[in-house]
Amino acid sequence: MTRAPANLLAVRSLLLTHLDNAPGPDDLDPGEVGIVGDSAHRGGYHCGSDRVVTNDYSVVESPRDRAGLTLDAAALDVGQFNVSSGGRTNTLPSFSVWCVAQCAANAADTRDIREIIYSPDGSTVKRWDRLGKRTSGDSSHRWHTHFSFFRDAIKAGRDQRPLFRRYLSSIGLLEDDDMTPEEHNWLATVHKNLTVLDGRNPVGQIYTRMALGEDATVPNFVSAHPTLKSLAAQVSALQTALTALSNRDFTDEPAIVQGVLASLTPEKIAAAIPPTMAKQVADELARRLVA
C-alpha cells in the first residue's frame with residue numbers, strides 16, 4: 001500500500017517542530033501536514049504505484065516520475081498557520097509565495113519540486129508547475145498548500161529539508177545557517193578524515209587538540225606537520241620569486257606582479273578553493289597520511 005517516505009516525513013517533522021506551538025493566534029497542527037492520500041484517493045503525487053491511474057499525470061509527464069515510481073507518495077500538504085516571529089506575522093499564504101519565488105528562481109534546493117498548488121491571498125488558487133503544464137487547482141488549496149516532488153528524488157531518498165530550513169531561518173524560527181548541503185557534507189568529510197586517531201594520523205591528532213583549545217593557532221597546526229609545512233614553504237617561495245621578478249625592468253610587469261602578490265597569501269588561496277576541490281585535497285591528504 002502507498003507509504004510515506006522517510007525524506008518527506010523528515011520535512012513534516014521539521015515544520016511541526018518549529019510551527020506547532022509557535023507564538024501567534026494559529027500554529028500548525030499535526031493533522032494539517034499530510035503525505036499519503038486517504039483510502040479513497042486515486043491518482044496524483046499523494047499516491048504510490050498501487051493507487052496511480054491510467055495515464056496518471058504524476059507518472060507520465062516526466063521521465064523523472066516514470067523512473068521513480070514506487071509505493072512511496074511524493075507529495076506534501078501544509079495547512080493554515082499564523083505565527084509571529086522576527087517582528088512579522090507569518091502565514092500559509094506568505095510561506096507559499098516565498099516557496100514559489102524560490103522555485104521560480106531555480107534555487108538549488110528546489111529542483112526536486114515538480115509543482116506547488118497554493119493561494120497567495122486565501123481566495124485565488126494558483127499553481128506553479130516546473131513543467132509548465134498547469135496553472136490552477138481546486139478550491140481546497142485556499143486553505144492548504146500542496147507540494148509535489150519528482151518521484152526519482154523520493155526514490156533516491158534525497159533530503160528535501162533544506163528549502164524548508166531556509167524558510168524557517170528567514171522568519172527567525174531556526175538559527176540561520178549559510179552553508180549549503182554540499183558544504184555541510186564537505187565539512188563532515190574533512191572532520192572524519194582529520195580525526196582518524198589510530199596512531200597513524202598526526203593531522204587528526206593536531207586537529208583534535210585545536211578543537212579542545214590546546215593548539216589553537218594555524219601556524220602551530222601548519223608547522224607541526226611536514227607536508228603542510230612544505231606546502232606553505234612552496235607558497236612562500238613563489239611569493240619570493242614573484243617579488244624578484246617584479247624588480248626586473250619591464251614596462252607593465254611590476255604593477256601586474258604587485259597585484260598578484262597582494263592577493264597571493266595562503267589564507268586567500270585556501271579561501272578560493274571550491275568545496276569540491278577542497279574535499280579532493282582533504283581525501284588525498286588523509287589517504288597519504290594513513291598509508
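Keep in mind that the model is predicted.

Start with D112. This residue sits in the loop between α4 (92-104) and β5 (113-118). Is D112 buried or exposed? With a relative accessible area of 12%, D112 is buried, because buried means under 20%.

Now its partners. Which side chains make polar contacts with the side chain of D112? One is R64, at 2.7 Å. Another is R158, at 2.8 Å. Leaving aside residues up to four places away in sequence, D112 also touches S148, F149, F150, A153 and Q160, among others.

On to salt bridges. The count comes to 10. D112 and R64 form one of them, with the closest N and O atoms 2.7 Å apart. That pair links distant parts of the chain: D112 is in the loop between α4 and β5, R64 is in helix α3 (residues 63-68), and 48 residues separate them.

R64 also has a salt bridge with D152, where the closest N and O atoms are 3.0 Å apart. Here the link runs from helix α5 (residues 151-155), which holds D152, to helix α3, which holds R64, 88 residues apart. R64 is partly exposed, at 23% relative accessible area. D152 is partly exposed too, at 23%.

Next, R114 and D129. Their salt bridge has its closest N and O atoms 2.8 Å apart. R114 lies in strand β5 and D129 in strand β6 (residues 126-129), so the pair ties together parts 15 residues apart in sequence. Both R114 and D129 are buried. Through shared partners, salt bridges join E61, R114, D129 and R134 into one network.

Key. Residues numbered from 1 in each chain as written. Predicted model: local features only at pLDDT ≥ 70, side-chain atom pairs only at ≥ 80, totals over all residues. Heavy atoms only, no water. Helix = DSSP H or I, 4+ residues; strand = E, 2+ residues; numbered from the N terminus. Buried < 20%, exposed > 50% of the residue type's maximum accessible area, 1.4 Å probe, protein only. Polar contact = N/O pair within 3.5 Å; in protein donor to acceptor, adjacent residues only side chain to side chain. Contact = heavy atoms within 4.5 Å. Salt bridge = Lys/Arg side-chain N within 4 Å of Asp/Glu carboxyl O.
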